[in-house]
Amino acid sequence: MADDGILDVLIIGAGFSGVCAAIKLKQAGIKDFRIYDKAGGIGGTWWNNTYPGAACDIPSHFYCFSFEPNANWSRLYSPQEEIQAYIEYCVDKYGLRSHLNLRREIVSLTFDDASGTWTTLMKDGERVRSRFVINGSGALHKPSTPAFKGAERYSGISMHTAEWDKSFEPSDKTIAVIGSAASAIQVIPAIAEQAKHICLYQRTPNYILPRNDFAYSETWKKRFRRFPLLARLHRLMIFYYLELKVFPVITRSAYRAKRAEDAKRYIKVMTRGRRVREKMVPDYEMGCKRILISDDFFDALNRDNVELVSEPIGEITEKGIVSASEERLFDAIIYATGFDLEGHMLGIEVTGEQGQTLKEAWENGAQAYKGVMIPGFPNYFLTTGPNTGVGTTSVVFMIEQTIGWIMKCLRKAGRDRIVSVTEEASEAYNRDLQADFPDTVWTSGCQSWYRNAEGRMEILYPHDARTFRRQMKRIDPRHIKMRRAAKTATPQRQAAQ
Ligand SMILES: Cc1cc2nc3c(=O)[nH]c(=O)nc-3n(C[C@H](O)[C@H](O)[C@H](O)COP(=O)(O)OP(=O)(O)OC[C@H]3O[C@@H](n4cnc5c(N)ncnc54)[C@H](O)[C@@H]3O)c2cc1C
């Protein structure tokens with residue numbers, strides 16, 4: 001930290017976002033930064049989600065940093081342990097350990113107009129001042145557990161997939177899995193063989209397509225190590241496959257209808273029994289909710305010890321779950337019920353210029369310029385902010401583009417300038433962005449976690465990842481303003497260029 005006790009940059013979160021930001025800061029010669037995370041380790045999503053079967057669903061060679069390829073990915077879709085090990089490797093390679101502050105939860109950020117600095121308040125009462133804040137607190141770190149009537153009475157084992165108890169032994173247990181989306185279709189195949197009986201409580205069926213996963217042979221790993229260009233080409237192939245083949249399923253209605261028919265046929269072929277088949281085929285447009293992939297879920301579902309329950313849950317009792325008129329008894333209830341997205345956006349109390357809070361600024365919905373900057377909140381950057389999700393691409397790719405843009409801002413800000421986005425630029429950006437949604441499947445009427453309670457799209461970006469990359473290439477000086485603080489806070493700051 002500089003003599004004046006003010007950090008250059010404070011980073012929130014030690015997941016892909018925080019680690020990427022830290023690496024880029026170091027590479028730019030900015031060493032005066034700290035990373036804070038409330039978790040007990042690094043990795044973010046991959047530190048938290050350790051349930052059996054957890055893995056990425058974007059191919060690994062593209063679900064990693066472009067500047068740090070990994071020739072040793074074991075499979076097309078690597079398991080959680082490998083992704084966690086990759087993040088740990090990056091932290092060590094770029095010497096980030098000494099910058100880490102774990103088990104430190106941030107509760108508020110307050111901007112001081114006079115000095116142009118942010119004060120970050122930790123849950124333990126410590127305050128840290130910094131010029132910049134990069135908020136990489138992620139979208140999926142607050143497990144969401146529906147408030148079922150009576151849930152507190154349940155006396156068996158109860159846990160969310162994102163809070164997995166590693167000592168849990170599924171053998172010979174009767175288990176309820178609530179939720180049938182991404183985590184459920186990974187965890188069920190991983191425990192079905194050991195469990196005595198599993199009941200899958202499904203509210204809405206999902207489009208589930210084949211994953212086509214495979215292990216990379218030692219020969220291929222050797223080739224990737226020997227010829228880094230080959231690994232780059234492989235990454236590019238994945239990128240363009242997702243952009244040109246998968247993204248149009250969501251954006252082109254004629255193509256989508258055809259693919260939806262194929263997908264429904266696949267689900268029918270893969271499920272055993274007419275009753276289950278009927279409940280597993282979605283009746284909404286494909287792509288409106290996240291499209292899932294699995295090679296082993298249907299095999300698990302077809303097992304004699306796995307049962308689909310598609311009636312709504314009435315209440316949870318001391319020993320089990322009541323749905324319709326029947327009570328089923330369970331040794332364990334696993335909540336595969338996703339994450340609280342609204343809580344993430346406003347989980348930290350942020351107060352910007354002239355005492356305006358982020359809650360006030362987002363009264364009519366969360367929005368940011370390019371998903372990164374909010375008018376009235378200078379020197380404050382988001383990494384996976386509103387409308388930055390392209391469901392068919394790697395979030396790590398999106399993070400890299402965003403951090404590239406933030407670094408350009410920091411370079412321009414130099415040693416003593418304050419960066420802010422104009423209200424007009426942010427309004428125009430978001431007006432155009434929201435205007436591009438009506439032609440897409442996400443506004444076709446089905447409700448999904450992509451939209452907020454009022455139906456406004458706050459998660460997804462309406463275009464493909466190449467468009468996002470293009471828009472993050474440069475800084476528009478008409479939109480981004482630089483000024484000096486009234487009271488220069490950091491006279492001998494190390495230059496940010
Ligand atoms: C099970 C699962 C599988 C996924 N698979 C894929 C995939 O295949 N492909 C893909 O592209 N994306 C996937 N994702 C999305 C994934 O979240 C992103 O890819 C990526 O890991 C996000 O990284 P991040 O650093 O932005 O956020 P995170 O990984 O969520 O990290 C944020 C960190 O911020 C910390 N934090 C939050 N609030 C505070 C606070 N107030 N104070 C201090 N620390 C705080 C959290 O503890 C967390 O460690 C998956 C998500 C889940 C849950």
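Predicted model: local features only at pLDDT ≥ 70, side-chain atom pairs only at ≥ 80, totals over all residues.
Leaving aside its neighbours within four places in sequence, with which residues is A182 in contact? A182 belongs to helix α4, which covers residues 182–191. Beyond the excluded neighbours within four places in sequence, A182 is in contact with R290 and L292.

Next, colour the chain by domain. Domain 1 is made up of residues 6–142 and 340–484, while domain 2 comprises 151–206 and 247–335. Taken over C-alpha atoms, the centres of domain 1 and domain 2 are 31 Å apart. To the contact between them, domain 1 gives 25 residues and domain 2 gives 22 residues.

The size of an interface is often expressed as the accessible area lost when the parts come together. Here, domain 1 and domain 2 bury about 2,000 Å² between them, with 61% of that area on carbon and sulfur atoms. On the side of domain 1, select Y51, P52 and V441: these residues supply 30% of the area that domain 1 buries against domain 2, more than any other three residues.

**The ligand and its shell**

Now select the ligand and display the residues around it. The ligand is surrounded by 31 residues, of which S17, D37, D57, Y63 and V395 are the closest. Three helices to highlight are α1 (16–27), α2 (45–48) and α12 (395–413), each of which supplies at least two residues of the shell around the ligand.

Move to K38, which has a backbone N or O atom 3.0 Å from a nitrogen atom of the ligand. Finish with I106, where a backbone N or O atom lies 2.9 Å from a nitrogen atom of the ligand. Taken alone, the ligand exposes 980 Å², and 94% of that is buried by the protein.

Methods
Residues numbered from 1 in each chain as written. Heavy atoms only, no water. Near = heavy atom within 4 Å. Polar contact = N/O pair within 3.5 Å; in protein donor to acceptor, adjacent residues only side chain to side chain. Areas by Shrake-Rupley, 256 points an atom, 1.4 Å probe, with all protein chains shown as cover. Helix = DSSP H or I, 4+ residues; strand = E, 2+ residues; numbered from the N terminus. Domains from an automatic or database assignment. Contact = heavy atoms within 4.5 Å. Buried area = accessible area lost by both parts, 1.4 Å probe.
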